Amino acid sequence: MTDVIAARREGAILEVTLDRPKANAIDWKTSRMMGETFKVFRDDPELRIAIVKTAGDKFFCAGWDLKAASAGDVEMVDHDYGVGGFAGLQELRDFNKPVIACVNGMAVGGGFELALSCDLIYASEHSTFALPEIRAGTLADAATIKLPKRIPYHIAMDLLLTGRWMNAAEAHQWGLVNEVLPKEKLEDRVWEVARLLAGGPPLVFAAIKETARVAEALTFQDAMNKVTRRQLHTVDTLYGSEDTREGRRAFAEKRDPVWRGR
């Protein structure tokens with residue numbers, strides 16, 4: 001696709017690789033390219049699962065390119081990250097397809113936030129995570145919003161307030177990552193999971209993602225009301241779909257369902 005962003009398709013799976021030496025830091029141009037890549041993924045009915053990975057073993061992603069910003073990258077200073085916000089995933093509207101992060105190396109600042117924007121996180125044993133924004137006198141905005149909802153509050157605040165490093169084992173301990181693997185087995189495992197999900201019901205996945213996202217800002221009963229009254233677009237689409245009827249038939253007939261995404 002470009003020298004910085006490479007996209008590879010296998011059936012319903014899109015693998016997106018960021019390759020920006022030395023640390024896979026993201027400047028405004030890269031963020032915009034990532035946003036356009038994920039927008040295409042979102043809007044392509046043939047694509048169901050995305051994998052986000054980066055090149056190299058040292059850095060998964062160093063996050064925001066501070067050197068570019070300090071050198072006058074005006075768009076970065078003004079937070080003009082393009083469609084989807086920073087790295088293309090954080091604020092992409094109506095984004096209801098599963099994304100898997102394949103973390104190999106240091107996930108720092110915005111790189112950590114990139115991983116948090118994914119639905120599943122798999123990490124190599126030598127991977128580490130940190131939010132050093134406090135040392136640069138700035139706010140890790142997305143992480144400050146998301147992290148206390150993902151792991152215990154006091155652990156999240158420890159990371160945010162101190163900027164300390166968390167290794168992969170500790171990240172797994174707190175449920176931040178799904179699995180920790182030797183780096184030589186990491187990509188095979190991520191692809192195994194992606195292929196499993198690619199065979200799943202895409203309309204159900206979409207309903208799960210929208211329901212979970214909307215429910216964050218609602219009470220349990222208000223969220224349930226939106227679901228049961230079919231007030232969420234993905235839920236309404238699901239309940240009136242061929243796939244829902246196919247699922248019921250397949251269950252009754254004791255066979256595997258054939259999902260068509262409609």
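Visitor: How many bridges join E2 to E3?
Guide: This is a predicted model: local features need pLDDT of at least 70, side-chain atom pairs count only at pLDDT 80 or more, and totals for chains, interfaces and linings use all residues. Helices (H or I, at least four residues) and strands (E, at least two) are DSSP runs numbered from the N terminus, and two strands pair if DSSP finds at least two bridges between them. Leu 14 stands opposite Ala 50 in E3. E2 and E3 run parallel, and the number of bridges joining them is 6.

Visitor: What is the order of the open sheet of 6 strands?
Guide: Start from the edges: E1 (5–10) and E10 (179–181) each pair on one side only. Neighbouring strands are turned by 20 degrees against each other on average, direction ignored. The pairing is mixed, and the order reads E1-E2-E3-E5-E7-E10.

Visitor: What angle does the direction of helix H8 make with that of E7?
Guide: H8 (residues 183–198) packs on that sheet, touching E1, E2, E3, E5, E7 and E10; contact here means heavy atoms within 4.5 Å. Axes are lines fitted to C-alpha atoms, for helices over the stretch in contact, and angles run from 0 to 180 degrees between N-to-C directions. For H8 against E7 (120–124), that comes to about 160 degrees.

Visitor: How many residues of E3 are buried?
Guide: Buried means under 20% relative accessible area, exposed means over 50%, and partly exposed is in between (1.4 Å probe, protein chains only). In a regular strand the side chains alternate between the two faces of the sheet. Both faces of E3 are covered, with Ile 49, Ile 51 and Lys 53 buried on one side and Ala 50, Val 52 and Thr 54 on the other. E3 is largely enclosed by the rest of the structure, because the buried count is 6 of the 6 residues.

Visitor: How many residues does the largest nonpolar core have?
Guide: A nonpolar core is a set of buried Ala, Val, Leu, Ile, Met, Phe, Trp, Tyr and Cys residues joined through side-chain atoms within 4.5 Å. Those with the most contacts inside the largest one are Leu 89, Val 99, Val 103, Phe 129, Leu 147 and Leu 176. Apart from this core lies another of 16 residues, among them Ile 51 and Tyr 122. The largest core's residue count is 44.

Visitor: How far apart are the ring centres of Phe 41 and Phe 95?
Guide: Rings of Phe, Tyr and Trp (its six-membered ring) pair if their centres lie within 6.5 Å; planes under 30 degrees apart count as stacked, over 60 as edge-to-face and the rest as tilted. Phe 41 lies in H1 (residues 28–43) and Phe 95 in the loop between H3 (74–77) and E5, so the pair ties together parts that are 54 residues apart in sequence. Phe 41 is buried at 0% relative accessibility, and Phe 95 is buried at 5%. Their planes sit at 70 degrees, so the pair is edge-to-face, and the centres are separated by 5.9 Å.

Visitor: Which residue has its charged end over the ring of Phe 41?
Guide: A charge sits over a ring if NZ of Lys or CZ of Arg is within 6 Å of the ring centre and within 35 degrees of the ring normal. At 5.0 Å from the centre of the Phe 41 ring, the charged end belongs to Lys 97.

Visitor: Is Lys 149 buried or exposed?
Guide: Lys 149 lies in H5 (residues 141–150). Its C-alpha is 9.2 Å from that of Glu 216, 67 residues apart along the chain. At 53% relative accessibility, Lys 149 counts as exposed.

Technical notes:
Residues numbered from 1 in each chain as written. Heavy atoms only, no water.
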